[in-house]
Amino acid sequence: MKTIELLRDEGLMSLRLYNILCRNCGRQSVVELTPKDICNLYSDEEILKWRWMGPMGLKELKSLI
């Protein structure tokens, strides 16, 4: 499974989603996490409460698993 940073570098993840994850998960830790790790750490309800994250962002995150 590819990390968030690798997905962004390869263009598989939008810059918008990457920035949202960095803001809400902490930049140092998020670059080492995979999308599956983030979904395991946070519930869908918690993720949807993040600023600028909506159903489409959550859908994009889940599609990367």
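In helix α2 (15-25), L17, Y18, I20, L21, C22 and C25 are buried. Helices here are DSSP runs of H or I of at least four residues, numbered from the N terminus, while strands are runs of E of at least two. Buried denotes under 20% relative accessible area, exposed over 50%, and partly exposed the range in between, with a 1.4 Å probe and protein chains only. Just after α2, G26 adopts a positive phi of about 90 degrees.

## Model and confidence

The structure is a predicted model, in which local features need pLDDT of at least 70 and side-chain atom pairs count only at pLDDT 80 or more, whereas totals for chains, interfaces and linings use all residues. Residues are numbered from 1 along each chain as its sequence is written, and side-chain values use heavy atoms, with hydrogens and water left out.

The protein chain has an average pLDDT of 93, and 98% of the residues score at least 70; pLDDT is the predictor's confidence in each residue, from 0 to 100.

## The largest nonpolar core

The largest nonpolar core comprises 20 residues, of which M13, L21, V30, I38 and W50 touch the most other members. Such a core is a set of buried Ala, Val, Leu, Ile, Met, Phe, Trp, Tyr and Cys residues joined through side-chain atoms within 4.5 Å. Helices α1 (4-9), α2, α4 and α6 each contribute at least two residues to this core. The largest share, six residues, comes from α2. In soluble globular proteins, nonpolar side chains tend to be buried together.

Not counting residues up to four places away in sequence, L21 touches I4, M13, G26, V30, I38, W50 and L61, where contact means heavy atoms within 4.5 Å.

Which residues of helix α6 (residues 55-63) are buried? They are G57, L58 and L61. These residues cover an arc of only 100 degrees around the axis, which puts them on the same side of α6; the arc is that of the directions from the helix axis to the C-beta atoms. An α-helix has 3.6 residues a turn, so residues three or four places apart point the same way. On the other side of α6, P55, M56, K59 and S63 are exposed. The buried residues of this helix pack against α2, α4 (35-41) and α5 (44-48).

L61 belongs to helix α6 and counts as buried because its relative accessibility is 0%. Beyond residues up to four places away in sequence, L61 is in contact with L17, L21, P35, I38, C39 and I47. The C-alpha atoms of L61 and S14 are separated by 9.7 Å, although these residues lie 47 positions apart along the chain.

T34 lies in the loop between α3 (27-30) and α4. Its relative accessible area is 10%, so T34 is buried. Leaving aside residues up to four places away in sequence, T34 touches M1, K2, T3 and I4.

W52 is located in the loop between α5 and α6. Phi of W52 is near 70 degrees, a positive value in a residue other than glycine. W52 counts as partly exposed because its relative accessibility is 47%.

## Salt bridges

How many salt bridges does the structure hold? There are three, a salt bridge being a side-chain nitrogen of Lys or Arg within 4 Å of a carboxyl oxygen of Asp or Glu. Side chains of opposite charge can pair when their charged atoms come close. K62 and D44 form one of these bridges, at 3.2 Å from N to O. This pair links distant parts of the chain, with K62 in helix α6 and D44 in helix α5, 18 residues apart. K62 is partly exposed at a relative accessible area of 36%, and D44 is partly exposed at 29%.

E10 forms a salt bridge with K2, with the closest N and O atoms 2.6 Å apart. E10 is partly exposed, at 42% relative accessibility, as is K2, with a relative accessible area of 36%. D9 and R8 form another bridge, in which the closest N and O atoms are 2.7 Å apart. R8 counts as partly exposed at 25% relative accessibility.
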